Amino acid sequence: MGLSLSGVGSGFDWQTMLEQLRQVEQNQYIKPLEQQKNNQEGILSAWNTVSTKLSNLLSAVQDLKDVGDFDVFTSSLTSSNATAPESLLAVTVGSGASKGRFDIQVTNLAKAEKLQSASAASATEATGWTGTITIKGHDVTLDGKSLNDLRDEINSLNTGSNPTGVMASVLKVADADYRLVLTSTQEGSAGIQFTDAPGDYFTMLQAGQDAALTIDGIAVTRSSNTITDVIPGVTLQLRAEDASTTVTLQIDRDEKGISDKIQSFVDAYNGLVQFINDQFTYKAVAQKAGGVLFGDAPLRSIKNRLQSVLMDQQLFSYGITFSRQGTLELDVQKFQDALAQDFSGTVSKFNDMAQSLQSVLNALTDPVNGTVTTQKKSVQGKMDTLDRRMQTLERRIDADMERLKAQFIAMDNAMNTMNNQMTSLSRLFAGMFKDKS
């Protein structure tokens, strides 16, 4: 506890009384405003939750609005013998693919060209070589430079707007036997654009080579082991060469993957609707609303607008129905049957639904004039107003307390002076009576 000096003259603890008066004033004027602000903070938090759930729904909708969004495929590899197909080939299937079967043989892997230098006794001392080598139009002088110097200079040229496409490294073969190795950063037969110095210091270590494979008996060559332009929507990653093994690639439409996209949309929609339902639920036993947005008209409008769009789309025959609570239910088998019977028509139906919902969701979530933005700005404005009112009242209470404090100090000083005077008079009278006796 702090040391109080109030009441020195009067014997009255006015400091404690001031603290109690301040508490009374704060309870009467500040506490109600704080409670109002707490309520507004709860409302703002609820609108932030609505905003998040709308964003989740928009993301799910955007994953359904284009025809390509339904280009979801699976791939499988089988081998003509005991060789594991994945050891020869990896496959990635993306947008633009279609159902198909392909027999593939990997004849040759693409290789990057490599050059090696003549041997040097040290990596750090000058090689004694003279002249200039040229790498893709960039000249590198050899005179007075070590292998490490040449390595660093060559690597520095493989940057900027006109890189050489060549990496350099120093290899220690044995004591007093070091080599500078130049490697093309790109696989393929094009190799390195290189001109040796007059001393012929470099020789071929590995020739550049294109990848070679056959697809259904048709010969194909590419400069890279990553091939993206042979089968539409499919990336082939060549891992090893084995002309004696045929790898069969089977591509099928991924019905489960498509259904999962629809389920993600249903889940996102239901997450929003369930939150709104919780806000509007009245708890009879507790006799209170389910949420701080109970009865909120803009929130009810959001639910009605989205529900109206879905009702207009008439998705019942595609496996989507409404529950009594307004949430969606997906019959996966019915949806997949619709895909099997009329794939393009089903995709078009969901594209239309997603585009219609996206238009509404964009309006609701617009960062400037959207419904959610407007509500959040309104709540924040109320909170700011409450803050200003509380600050004004705090200053008024502070001023009142300072005024009372000054009055009590003046009273204390006056009482103290009077007490001192009374003490002096008492001593004076006591002395007078003592002299007479």
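This is a predicted model: local features need pLDDT of at least 70, side-chain atom pairs count only at pLDDT 80 or more; totals for chains, interfaces and linings use all residues.

1. Trp 129 lies in the loop between strand 4 (114–117) and strand 5 (132–135), whereas Phe 202 belongs to strand 10 (residues 202–206), so the pair ties together parts that are 73 residues apart in sequence.

2. Are the two partners of that pair buried or exposed? Trp 129 is buried, with a relative accessible area of 7%, and Phe 202 is likewise buried, at 9%. Both residues also belong to a cluster in which ring pairs link Trp 129, Phe 194, Tyr 201 and Phe 202.

3. The rings of Phe 335 and Phe 350 have their centres 5.4 Å apart and their planes at 85 degrees, so this pair too counts as edge-to-face. It links distant parts of the chain, with Phe 335 in helix 5 (residues 332–341) and Phe 350 in helix 6 (residues 343–365), the two being 15 residues apart. Phe 335 counts as buried at 0% relative accessibility, and Phe 350 is buried with a relative accessible area of 0%.

4. Which residues touch the most other members of the largest nonpolar core? Of the 49 residues in that core, they are Val 50, Phe 265 and Leu 306. Helix 1 (14–62), helix 3 (255–280), helix 4 (297–313), strand 19 (328–330), helix 5, helix 6 and helix 7 (371–436) each supply at least two residues of the core, and helix 3 gives the most, with 11 residues.

5. As for the open space, the largest pocket has a volume of about 160 Å³. Its lining divides into three nonpolar, seven polar and two charged residues. Among the lining residues are Lys 136 and Glu 187, together with Thr 164, Ser 184, Gln 186 and Gln 193. The lining also includes Val 166, Ala 190 and Ile 192, as well as the glycines Gly 165, Gly 188 and Gly 191.

How values were computed:
Residues are numbered from 1 along each chain as its sequence is written. Side-chain values use heavy atoms; hydrogens and water are left out. Helices (H or I, at least four residues) and strands (E, at least two) are DSSP runs, numbered from the N terminus. Buried means under 20% relative accessible area, exposed over 50%, partly exposed in between (1.4 Å probe, protein chains only). Rings of Phe, Tyr and Trp (its six-membered ring) pair if their centres lie within 6.5 Å; planes under 30 degrees apart count as stacked, over 60 as edge-to-face and the rest as tilted. On a 1 Å grid over the protein atoms alone, a cavity is a set of points where a 1.4 Å probe fits but cannot get out, and a pocket is an open set with protein on both sides within 12 Å along at least five of seven lines; lining residues have an atom within 4 Å of a point. Grid points are joined across faces, edges and corners, and a volume is the space filled by probe spheres set on the points. Ala, Val, Leu, Ile, Met, Phe, Trp, Tyr, Cys and Pro count as nonpolar, Asp, Glu, Lys and Arg as charged, and the others, Gly among them, as polar. A nonpolar core is a set of buried Ala, Val, Leu, Ile, Met, Phe, Trp, Tyr and Cys residues joined through side-chain atoms within 4.5 Å.
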